[in-house]
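Please view the sequence and the structure, then read the points below.

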Amino acid sequence: MLSFDSQPWLARSRKRCIAACLVAAGASTACAPLQPTPQAKVVELPPAPTIVYVPTLEPVDTAARHLLAYQESLAKLTPPDLSRELTRLGDGASSIQATMDLALALGYTRANGDLAKAQSLLDQVIGNPSMEAQAWHGLARLLSSRYAEQRRAEEQTERVNQQLRDAQKDNQRKLDQLNEKLEALKSIERSLNSRNNAGPAPQASSAKPAQKP
């Protein structure tokens, strides 16, 4: 059997064959067409939906908003316009809102008895247990408390004014009495002056008439 070590030319031939194979392999690799690098695809996503937040108002909030807006409108009314508005509201029995509107409008009339009437309407709302009325209970209590304070202030003012009127009448009565006394004194003084100006009264004669024979 032949050995590569014993036959140097075989060893050289083997190396030449290996080198030729490596060159051929490299040439084939170099001649192969280059494959393009794959690019990442851009996927367009649909736009995000727009979220619109719609607040939900509770019945209490709706009632408060209405009453505040109605109060602003009442403050701008002239007395004739306010009178027409009261006529439009009638007795306020059509709904809880109409009752509250009437109670609020009566607070602007400044007429005697209207605050008491308004408080009576508010008491009706407070005593109503329905779901519709419960949304107005807090506002009705607040308005009733305000009217109670206003009535107390008006009653106190009326008492003070009455005391002033009574004091004025009493002072006028005393002044009239003083004027009467003064006039009486003046009358006495005039009477005395007229007597002094008249002089002494004539004296009667003391001689007796002569007797006939």
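In what follows, contact means heavy atoms within 4.5 Å. Helices (H or I, at least four residues) and strands (E, at least two) are DSSP runs, numbered from the N terminus. The model is predicted: local features need pLDDT of at least 70 and side-chain atom pairs count only at pLDDT 80 or more, while totals for chains, interfaces and linings use all residues. Residues are numbered from 1 along each chain as its sequence is written, and side-chain values use heavy atoms, with hydrogens and water left out.

**Overall composition**
- The protein chain contains 7 helices and 0 strands.
- Of its 213 residues, 18% count as buried (under 20% relative accessible area; exposed is over 50%, partly exposed in between; 1.4 Å probe, protein chains only).

**Helix 3**
- Leu82, Glu85 and Leu89 are the buried residues of helix 3 (residues 79-89).
- These residues lie on the same side of helix 3 because they cover an arc of only 60 degrees around the axis, taken from the directions from the helix axis to the C-beta atoms.
- Their cover includes helix 2 (59-75) and helix 4 (96-106).
- Arg84 and Thr87, on the other side of helix 3, are exposed.

**Nonpolar core**
- A nonpolar core is a set of buried Ala, Val, Leu, Ile, Met, Phe, Trp, Tyr and Cys residues joined through side-chain atoms within 4.5 Å.
- The largest one has 25 residues, and Trp136 and Tyr147 are among those with the most contacts inside it.
- Helix 4 supplies the largest share of this core, 7 residues.
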